[in-house]
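Subject: Structure handover

Hi,

Here is the structure for you to look through. My notes follow below it.

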Amino acid sequence: MFIDTHCHIHDRETYDFAISRQQKKSEEDFSPRQILKRARNNNVRKMIVVGTSEKDSLLARDFASAEKDVYWSWGVHPDEAEEYGLSEPVDNPVAIGEVGLDYHNGTDCREAQIKMLRMMIGFAKTRDLPLIFHVRDAFDDFWPIVDELGVERAVIHSFSDSEENLKKALDRGFYIGVNGLATFTDLPTPPLSRTLLETDAPFLAPVPVRGRVNEPSYVPFIAEFLAEKHGVDVKEIARITTKNAQDLFGI
Ligand SMILES: [Zn+2]
């Protein structure tokens with residue numbers, strides 16, 4: 001079985017946006033029911049729907065509470081840092097995230113993002129939850145914060161940075177989330193013992209379905225890519241990455 005450790009299938013607005021923008025038009029039915037059905041049929045047996053704002057985290061919670069094989073996380077994406085109302089996470093997410101730093105569109109929000117990241121790490125520590133990090137063009141600010149606050153259980157989702165920053169993540173015992181981006185970009189490959197599979201659906205659909213609306217049923221394409229890369233059977237990729245996800249998230 002496979003686990004999609006990072007998707008946004010609870011977020012209708014984002015799905016509708018992705019559907020309106022897809023380059024390869026398809027007649028697929030993207031209702032949550034059909035998305036879940038296709039995932040289950042492709043042996044994707046567990047999924048984590050990831051919150052990106054306070055409101056979105058509650059949508060993730062409600063979506064997950066109706067499905068036995070869907071889990072959710074509570075997070076505020078760094079792009080939302082300035083909107084954040086500083087409230088505490090509610091109920092029982094399996095992780096805090098996605099949270100982090102993103103300077104891709106400039107550093108105007110740097111201070112707000114750093115403040116929020118520190119707070120989110122605090123929430124994770126008091127609740128003994130792992131963190132799902134989103135870090136883009138901001139690792140120089142990121143490492144001193146996680147070191148100071150002593151983060152131990154985390155994944156860096158959609159990792160797309162240098163060998164050097166990959167090594168820093170591995171040195172700290174973090175997992176690395178690999179998605180469709182790896183299938184069409186030249187990225188450093190993490191060891192399997194630290195790899196998690198994710199889609200980040202509805203975006204970043206992997207080769208050979210690139211340009212389509214992404215969904216958890218595409219996880220096996222990422223596993224096949226990694227099987228080729230590591231020279232192992234796809235079943236081995238499924239076994240190791242599933243165990244990694246279960247170890248980190250307790251699911
Ligand atoms: Zn995401």
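Start with the metal. The zinc ion has four protein donors: His-6 (NE2), His-8 (NE2), Glu-98 (OE) and Asp-200 (OD), lying 2.1 to 2.4 Å from it. Donors here are N, O and S atoms within 2.8 Å of the metal (3.2 Å for Na, K and Ca); water is not among the atoms, so sites may look incomplete.

Before going further, some ground rules. This is a predicted model, in which local features need pLDDT of at least 70 and side-chain atom pairs count only at pLDDT 80 or more, while totals for chains, interfaces and linings use all residues. Residues are numbered from 1 along each chain as its sequence is written, and side-chain values use heavy atoms, with hydrogens and water left out.

**Zinc site**

The angles among the four donor atoms run from 85 to 177°, and the site is irregular. For reference, four donors count as tetrahedral if all angles lie between 85 and 135 degrees; four count as square planar and six as octahedral if opposite donors are over 155 degrees apart and all others between 65 and 115; anything else is irregular. Along the sequence, the spacing of the donor residues reads H-x1-H-x89-E-x101-D. His-6 in strand S1 (residues 2-7) and Glu-98 in strand S4 (residues 95-102) are 92 residues apart, so this pair links distant parts of the chain. Helices (H or I, at least four residues) and strands (E, at least two) are DSSP runs, numbered from the N terminus. His-6 and Glu-98 are both buried. Buried means under 20% relative accessible area, exposed over 50%, and partly exposed in between (1.4 Å probe, protein chains only).

**Salt bridges**

The count is 17 salt bridges. The rule: a side-chain nitrogen of Lys or Arg within 4 Å of a carboxyl oxygen of Asp or Glu.

- Glu-28 and Arg-212 meet at 2.8 Å, N to O. They link distant parts of the chain, 184 residues apart. Glu-28 sits in the loop between helix H1 (12-21) and helix H2 (32-41), and Arg-212 in the loop between strand S8 (195-197) and helix H8 (219-230). Glu-28 is partly exposed at 32% relative accessibility. Arg-212 is partly exposed too, at 23%.
- Glu-164 pairs with Lys-168, with the closest N and O atoms 3.6 Å apart. Both lie in helix H6 (residues 163-171), four residues apart, about one turn of the helix. Glu-164 is exposed, at 53%, whereas Lys-168 is partly exposed, at 28%.
- Lys-243 and Asp-247 meet at 2.7 Å, N to O. They are separated by about one helical turn because they are four residues apart in helix H9 (residues 234-249). Lys-243 is partly exposed at 46%, and Asp-247 is partly exposed at 43%.

Salt bridges that share partners also join Glu-28, Arg-38, Arg-212 and Glu-215 into one network.

**Cysteines**

Cys-7 is buried, at 0% relative accessibility. Cys-109 is partly exposed, with a relative accessible area of 22%.

**Nonpolar core**

The largest nonpolar core has 65 residues. Phe-133, Phe-142, Ile-156 and Phe-174 have the most contacts inside it. Helix H4 (residues 110-127) gives the most to this core, with seven residues. A core is a set of buried Ala, Val, Leu, Ile, Met, Phe, Trp, Tyr and Cys residues joined through side-chain atoms within 4.5 Å.

Phe-174 lies in the loop between H6 and strand S7 (175-178). Phe-174 is buried, at 0% relative accessibility. Beyond four places in sequence, its contacts (heavy atoms within 4.5 Å) include Phe-133, Phe-142, Trp-143 and Arg-194.

**Helix H5**

The buried residues of helix H5 (residues 139-149) are Phe-139, Asp-141, Phe-142, Trp-143, Ile-145 and Val-146. They pack against S4, H4, strand S5 (131-136), strand S6 (154-156) and H6. Just after H5, Gly-150 takes a positive phi of about 70°.

Best wishes
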